[in-house]
Amino acid sequence: MKVLYFAQLKELIGKAEENFPINTEITIDDLIKSLKKKGSRYKNCFERIKNIKCAVNCEYVKSFKTKICNKDEVAFFPPVTGG
């Protein structure tokens with residue numbers, strides 16, 4: 001699966017995207033738990049997941065319980081403010 005990071009999340013992790021292969025269908029929550037195991041940069045990035053927005057295949061999702069599979073593209077965004 002292709003995982004994309006934007007803005008502050010990209011800076012915290014140190015990359016804009018990565019491949020994260022999975023063998024079975026999982027939830028976005030499961031993906032985040034697995035990413036956090038990759039180290040402190042990921043833990044810090046996903047520390048407050050209620051503030052993070054997520055899109056699967058260019059469509060925003062309302063729940064991190066959304067199922068994803070290896071062919072999907074998952075993007076994470078920090079909170080967006082206007083001004």
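What follows is a talk about the labels and the values behind them.

Modeller: Gladly! This is a predicted model, so local features need pLDDT of at least 70 and side-chain atom pairs count only at pLDDT 80 or more, while totals for chains, interfaces and linings use all residues. Residues are numbered from 1 along each chain as its sequence is written, and side-chain values use heavy atoms, with hydrogens and water left out.

Biologist: Why is Thr27 called buried?

Modeller: Buried means under 20% relative accessible area, exposed means over 50%, and partly exposed is in between, with a 1.4 Å probe and protein chains only. Thr27 has 12% relative accessibility, so the label is buried.

Biologist: Where is Thr27 found, and what does Thr27 touch?

Modeller: Thr27 is found in strand β3, residues 26-27. Helices (H or I, at least four residues) and strands (E, at least two) are DSSP runs, numbered from the N terminus. Contact means heavy atoms within 4.5 Å. Not counting residues up to four places away in sequence, Thr27 touches Phe64, Lys65, Thr66, Lys67 and Ile68. Thr27 and Lys67 are 40 residues apart along the chain, and their C-alpha atoms are separated by 4.3 Å.

Biologist: How do you know that the buried residues of α2 line one face?

Modeller: In helix α2 (residues 28-36), the buried ones are Ile28, Asp29, Leu31, Ile32 and Leu35. Seen down the axis of α2, these buried residues fall within an arc of 160 degrees, so they line one face of the helix. The arc is that of the directions from the helix axis to the C-beta atoms. As background, an α-helix has 3.6 residues a turn, so residues three or four places apart point the same way.

Biologist: What makes Leu35 buried?

Modeller: Its relative accessible area is 0%, so Leu35 is buried. Leaving aside neighbours within four places in sequence, Leu35 is in contact with Val3, Tyr5, Glu18, Phe20, Tyr42, Phe46 and Phe76. Of these, Phe46 is 11 residues from Leu35 in sequence and 8.6 Å away in space, C-alpha to C-alpha.

Biologist: And why is Tyr42 called buried?

Modeller: Tyr42 has 6% relative accessibility and therefore counts as buried. Tyr42 is found in helix α3. Its contacts, leaving aside neighbours within four places in sequence, are Tyr5, Ile13, Lys15, Glu18, Leu35 and Lys36.

Biologist: How do you know how many disulfides the structure holds?

Modeller: A disulfide is a pair of cysteine sulfur atoms within 2.5 Å, and the structure holds zero. Cys45 is in no disulfide, and the nearest cysteine sulfur, that of Cys54, is 11 Å away. Cys69 is in no disulfide either; the nearest cysteine sulfur, again that of Cys54, is 13 Å away.

Biologist: Why is Cys58 called exposed, and what is its phi?

Modeller: At 69% relative accessibility, Cys58 counts as exposed. Cys58 is in the loop between β4 (53-56) and β5 (59-60), and has a positive phi of about 70 degrees although it is not a glycine. For context, most residues other than glycine have a negative phi. Ala7, in helix α1, has a positive phi too, near 55 degrees.

Biologist: Last one: what makes up the lining of the largest pocket?

Modeller: On a 1 Å grid over the protein atoms alone, a pocket is an open set of points where a 1.4 Å probe fits, with protein on both sides within 12 Å along at least five of seven lines, and lining residues have an atom within 4 Å of a point. The lining is Gln8, Leu9, Leu12, Asn44, Cys45, Glu47, Arg48, Asn51, Ile52, Pro78 and Pro79. α1 (7-13) gives the most, with three residues, and α1 and α3 (40-45) each supply at least two. About 220 Å³ of space lies in this pocket, a volume being the space filled by probe spheres set on the points, which are joined across faces, edges and corners.
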